[in-house]
Amino acid sequence: MTQYIVSARKYRPDTFETLVGQDNIAQTLKNSIVRGQLAHAYLFCGPRGVGKTSTARIFAKTINCSNPTSEMEPCGQCESCLSFAEGRSYCIHELDAASNNGVDDIKALMDQVRIPPQVGKYSVYIIDEVHMLSQSAFNAFLKTLEEPPAHAIFILATTEKHKILPTILSRCQTYDFNRITVDNIVRNLRGIAGKEGINIDDESLHVIATKADGAMRDALTIFDQTVAFCGTDVRYHDVLKNLNVLDYEYSFSLVDAFLGGDYSSAFLKFDEILTKGFNALHFISALSSHFRDLIVSKSAGLDALLELPDSLKKRYREQADRCPLKFLYDALAVTTACETGYRASVNPRLHIEFALMRLSMLLAAPAPQPAQVSQPAAVPAERADVPQPDAVQRPEAAAVSVSEPAHTVSDAPALQGNAVASPDPEREEQPKVRRTRASKAGAPALSIKSLTEEQKIVAETPVTINASVELSEPEIRQKWQELAALYASKPRLANTIGSAGLEVQDDNGVKVVVFSVFNTAQKDWIEEKCLHELEGNFQKLTSSHIKLMVSVAPEEDKAPVAYMPSEKARDLMEKNEEVKNLVTDLGLDVK
């Protein structure tokens, strides 16, 4: 029985040509060899499994090769290449900084650097995981790294570049290795499968490449694991079962359920996924990725962003054509928010099921809203089956039940038509009816709750302007005080309105209420900030087209205001005889 070698070692790149996904770095290194511009220190950094150490070995073998090819590839036949392949080379040294990270290890390396190579031109020192060196070891390494012997070249490799000291970075040429794309991984795996005589489809290769997350070494390890499970004939469903990967079919069927508003099917699919042992967070993450791919598939120019086999790209385009773009955008917002709040949720399953229900309702038609009745308290005169109230209605009889036939939505057109054609006297008293219902004794209820409710009623009640309504001046003044009560949450504005002097004028048949304020600053502020709002609310209260104007009260109409303490004391003494007597008896001096 021959010794088994894993694919990650058996098919490890040994030339620049076999290096996967790092063409720009390979070309740069070959050009530096051709031009003889070799630096004394290199830093290879990037994610795991992308070829940092392999590139360092290829580079070290090439610069020591006696007969490199025209493409600057090692020949593999000279003594240097053979000794390296057999593991007995004395000019290429590898050091694991994870286990040799002390000052003594660096001192031993510095002693070894002084020895020139026996075969080849350069002694290459490859230090892997260099970020694991201690602070003292880095400091001890600085001088040798900056001015090594002419035959010494250092190649440092790390996955965590941010942990390297800036003084080390400044002494090295830095090469950033990128993650390997899914297409490159699939292409490399397909070639290896052909060499090994393994039959595997493209969907399975894409699942393996996606699972590897840009690391070629991880992809080869997963490939070996899949072959060990499936044998030489690898099938897509076997790969999913072995790697515990969620099938694309779940995402396609869930989106179909969302489009049909079928949340029950979505719940059952989710339960089936949990029963098979899949993580709920991975499920919602896969759903987010599916919506992202559907959005990309909506535009033909974005096909390059889909790392999927051609068969799946076709299915994505077909489903994307049936999905409105706004639906996909809203759905992606829902799943993203679900991912964000998953870990903080007390009941994670309910959290995801709620998101599935929201997704199912995205395309549901909105429920029809009932028509609003502008004046529901009026009873049409034409209705013979409803007894008409007296012309003068008592306060205790003013509360009209909402369940009466006269208030149904079907009668709304008749009510509105009557309001325009023949105004009803009872309709004019509609706001007063509301306040009578809110107060037990018939007087306005001075509470925050009642004022807030009245503000909400006035703000939400549609304005029904009746040109034929004529309000007397006392009625207008009463409505004005009610307007001040609406702004109880803004005491200064409410006080200004309540204390303002009113003058009712007639401008070509239109009522104009001119209210006077204390000074010009108040007038300018009201005209700029809230005059339009006051006029709108006053028209709602009076149900008539009354205009508002603001003016400054004349000086003779202004009551003197006490500002100083002495003025306030004298004012108090004038208004209260007992206070005046108290000041006289005690002999107090008011200044």
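Biologist: Leaving out residues up to four places away in sequence, which residues does Thr144 touch?

Modeller: Contact here means heavy atoms within 4.5 Å. By that rule Thr144 touches Met110 and Phe154. Keep in mind that this is a predicted model, where local features need pLDDT of at least 70, side-chain atom pairs count only at pLDDT 80 or more, and totals for chains, interfaces and linings use all residues. Residues are numbered from 1 along each chain as its sequence is written, and side-chain values use heavy atoms, with hydrogens and water left out.

Biologist: Where does Thr144 lie, and is Thr144 buried or exposed?

Modeller: Helices are DSSP runs (H or I, at least four residues), as are strands (E, at least two), numbered from the N terminus. Thr144 lies in helix α6, residues 135-146. Buried means under 20% relative accessible area, exposed over 50%, and partly exposed in between (1.4 Å probe, protein chains only). Thr144 has 12% relative accessibility, so Thr144 counts as buried.

Biologist: How should I read charged pairs, and how many salt bridges does the structure hold?

Modeller: Side chains of opposite charge can pair when their charged atoms come close. The cut-off for a salt bridge is a side-chain nitrogen of Lys or Arg within 4 Å of a carboxyl oxygen of Asp or Glu. The structure holds 23 of them. One joins Arg171 and Glu146 at 3.1 Å, N to O. Arg171 sits in the loop between α7 (166-169) and β5 (173-176) and Glu146 in helix α6, so the pair ties together parts 25 residues apart in sequence.

Biologist: What about Lys52, which has no salt bridge: which side chain of opposite charge is nearest?

Modeller: Lys and Arg count as positive, Asp and Glu as negative, with His and the chain ends not counted. For Lys52, which is buried, the nearest is Glu129, 6.1 Å away. A polar atom of the Lys52 side chain does lie 2.8 Å from the backbone oxygen of Pro47. Lys52 belongs to helix α3, residues 52-63.

Biologist: And helix packing: at what angle do α13 and α17 cross?

Modeller: Two packed helices are described by the angle between their axes and the distance between the axes. Axes are lines fitted to C-alpha atoms, for helices over the stretch in contact, and angles run from 0 to 180 degrees between N-to-C directions. Helices α13 (residues 263-275) and α17 (residues 348-360) cross at roughly 145 degrees, their axes coming within 9 Å. Residues making the contact include Phe267 and Asp271 of α13 and Arg349 and Ile352 of α17. Arg349 and Asp271 also meet in a salt bridge (2.8 Å, N to O).

Conventions: Polar contact = N/O pair within 3.5 Å; in protein donor to acceptor, adjacent residues only side chain to side chain.
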